[in-house]
Number of protein chains: 2
Amino acid sequence: MKRVGFLLRVKHDKLDEYKEHHKHVWPEMQEALRESGWHNYTLFLHEDGRLFGYFETPHSLAQAQALMEEKEVNTRWQQFMAPYFEENVRPDESFIELEEVFHLD
Amino acid sequence: MKRVGFLLRVKHDKLDEYKEHHKHVWPEMQEALRESGWHNYTLFLHEDGRLFGYFETPHSLAQAQALMEEKEVNTRWQQFMAPYFEENVRPDESFIELEEVFHLD
């Protein structure tokens with residue numbers, strides 16, 4: 001399993017709504033993520049809007065994203081989420097991948 | 001297990017050295033972390049110096065840090081790392097904890 005870390009930024013005035021939606025992520029979206037190799041996936045939010053994502057996958061980030069792109073539910077979810085991000089871009093098109101510099105099992 | 005996410009910032013002109021040191025974290029320091037309940041611990045670095053930490057623990061972040069504070073090797077490691085962080089503070093004294101807003105197993 002590869003560990004992936006990425007950064008995004010949520011609009012500061014939409015944090016509460018963003019958080020609320022993430023308490024109720026559509027079951028089909030959760031299933032699509034699992035089928036596409038997104039495991040032990042957590043999103044963490046700073047009160048200034050910085051969002052950090054962590055997940056474990058047998059793939060690379062690019063491959064895990066490519067598998068999600070094939071899912072129709074992902075297109076709907078990303079369009080639903082776009083207004084919560086700067087410039088209203090789909091969040092899955094603006095991931096900044098981070099470099100793993102240390103790991104302890 | 002609780003999942004913890006935190007942010008730190010490494011000095012921009014010291015990223016390479018910081019990364020190099022983290023390829024060779026002292027075995028006693030790794031052992032101290034394990035004994036203090038820091039599991040599946042990963043550090044991710046952005047090229048601008050933002051550092052994101054993720055680990056899993058039976059404790060809270062505060063408790064896991066308190067257990068590390070009892071370890072003499074931690075004092076030495078934190079002093080060794082302080083010059084790599086803004087204002088030369090010990091990194092373990094400047095963790096910004098993030099809020100978990102989504103999790104998928």
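Strand β5 (residues 99–104) of chain A is joined to β2(B) by five bridges, and the two strands run antiparallel. Within this pairing, E99(A) lies opposite L45(B) of β2(B). The model is a predicted one. In it, chain B is superposed on chain A by a rotation of 180° with 0.0 Å of shift along the axis, at an RMSD of 0.0 Å. This is therefore the relation of a two-fold axis.

**Contact between the chains**

- The contact involves 27 residues of chain B and 27 residues of chain A.
- On chain B, the elements that each supply at least two residues of the side touching chain A are β1 (2–9), α1 (15–22), α2, β2 (39–45), β3 (50–57) and β5 (99–104).
- By residue class, the side of chain B that touches chain A comprises 15 nonpolar, seven polar and five charged residues.
- The same surface serves both copies, since 100% of the contact residues of chain B recur in chain A.

**A sheet with strands from both chains**

- Strands of a sheet pair through backbone hydrogen bonds, in either a parallel or an antiparallel manner.
- Here an open sheet is formed by five strands in the order β4(A)-β1(A)-β3(A)-β2(A)-β5(B), with antiparallel pairing.
- Its edges are β4 (96–97) of chain A and β5 of chain B, each of which pairs on one side only.
- T42(A) has Y54(A) of β3(A) opposite it.

**Helix packing in chain B**

- Two packed helices are described by the angle between their axes and the distance between those axes.
- For helix α2 (residues 27–35) of chain B and helix α4 (residues 72–81) of chain B, the axes come within 9 Å and cross at roughly 120°.
- An angle of 65 to 115 degrees would count as roughly perpendicular and one over 145 as roughly antiparallel; α2(B) and α4(B) are therefore oblique to each other.
- The crossing in which α2(B) passes α4(B) is left-handed.
- On the α2(B) side, the residues that meet α4(B) are E28(B), M29(B) and A32(B); their counterparts in α4(B) are V73(B), N74(B) and W77(B).
- The residues of this contact of α2(B) with α4(B) divide into four nonpolar, one polar and one charged.

Definitions and conventions:
Residues numbered from 1 in each chain as written. Chains lettered and ligands numbered in written order. Predicted model: local features only at pLDDT ≥ 70, side-chain atom pairs only at ≥ 80, totals over all residues. Axes fitted to C-alpha atoms, helices over the stretch in contact; angles between N-to-C directions. Helix = DSSP H or I, 4+ residues; strand = E, 2+ residues; numbered from the N terminus. Parallel < 35°, antiparallel > 145°, perpendicular 65-115°, else oblique. Left-handed = near helix turned anticlockwise from the far one by under 90°. Contact = placed C-beta atoms within 7 Å. Nonpolar A, V, L, I, M, F, W, Y, C, P; charged D, E, K, R; others polar. Pairing = 2+ DSSP bridges. Least-squares fit on C-alpha atoms with pLDDT ≥ 70 in both.
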